[in-house]
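Let's walk through a structure together, one feature after another. Bring your questions.

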Amino acid sequence: MYIRKYIPSDCKEMAELFYTTVHTINAKDYTEEQCNAWADGNTNLTIWNQSFCKHFTIVAMENNDMIGFGDIDDTGYIDRLYVHKNFQNKGVASMICNELEKNTSVAKITTHASITAKPFFECRGYQVIKKQQVIKYGIALTNYVMEKVLYDNIMK
């Protein structure tokens, strides 16, 4: 298992991994209707690629297979962090998150964590700032605004 930087040709596979993860892993915490609103299978690859290129974006690989990905923007916002359904609880998300946190110069990282991801981020020292409802295609999705202070970056 290793991490490498994102390349635009990764985008389609990332969209597929995102869709599959939401509809299998997140399905334990969200209804089918909510999963369909969250990941409808029609990801705009042009917009995603532009976003990934602007952010620090990495992918986790096992042999030649993508097993996860994540990205963080210049403000310290972790936008996406997804792990393939067959590689859950194997340290992939931790490896990705470690790399994202290491490659930012901000003192505070934020994310909007799903119900499913909330315990993962709590174990990493993230604090819930607020619970919120996000409306997508008219469907309410619960998530949590979470943040973590990076003390090493405060000293820089």
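**Reading the features**

A: Let's start with Thr142, which counts as buried because its relative accessibility is 13%. Buried means under 20% relative accessible area, exposed means over 50%, and partly exposed lies in between (1.4 Å probe, protein chains only). One caution before we go on: this is a predicted model, where local features need pLDDT of at least 70, side-chain atom pairs count only at pLDDT 80 or more, and totals for chains, interfaces and linings use all residues. Residues are numbered from 1 along each chain as its sequence is written, and side-chain values use heavy atoms, with hydrogens and water left out.

Q: Where is the place of Thr142, and which residues does Thr142 touch?

A: Helices (H or I, at least four residues) and strands (E, at least two) are DSSP runs, numbered from the N terminus. Thr142 sits in strand 7, residues 139-149. Contact means heavy atoms within 4.5 Å. Not counting residues up to four places away in sequence, Thr142 touches Tyr30, Ile115, Lys131, Gln132 and Gln133.

Q: Which side chain does a polar contact join to that of Thr142?

A: A polar contact is a pair of N or O atoms within 3.5 Å; within protein, one must be able to donate a hydrogen and the other to accept it, and residues adjacent in sequence count only if both atoms are side-chain atoms. For Thr142, the side-chain partner is Gln133, at 2.6 Å.

Q: Now Arg80: is it buried or exposed?

A: Arg80 counts as buried, because its relative accessibility is 8%. You'll find Arg80 in strand 4. Its side chain makes a polar contact of 2.8 Å with the side chain of Asp71, and another of 3.3 Å with the side chain of Asp79. Leaving aside neighbours within four places in sequence, Arg80 is in contact with Trp48, Ser51, Phe52, His55, Phe69, Gly70 and Asp71.

Q: What volume does the largest pocket have?

A: The search runs on a 1 Å grid over the protein atoms alone: a pocket is an open set of points with protein on both sides within 12 Å along at least five of seven lines, whereas a cavity is a set of points where a 1.4 Å probe fits but cannot get out. Lining residues have an atom within 4 Å of a point. Grid points are joined across faces, edges and corners, and a volume is the space filled by probe spheres set on the points. Here the largest pocket comes to about 1100 Å³. It is lined by 43 residues, and those closest to its centre are Asn26, Trp38, Leu81, Tyr82 and Ser114.

Q: Which element gives the largest share of that lining?

A: Strand 4 does, with seven residues.

Q: What is the phi of Asn89, and of Tyr137?

A: Most residues other than glycine have a negative phi. Asn89 has a positive value, near 60 degrees, and lies in the loop between strand 4 and helix 4. With 83% relative accessibility, Asn89 counts as exposed. Tyr137 also has a positive phi, near 55 degrees, and its place is the loop between strand 6 and strand 7. Tyr137 is exposed, with a relative accessible area of 61%.

Q: How many residues apart in sequence are Glu32 and Leu45?

A: They are 13 residues apart in sequence and 23 Å apart in space, C-alpha to C-alpha. Glu32 is in helix 2, residues 32-38, and Leu45 is in helix 3, residues 45-54.
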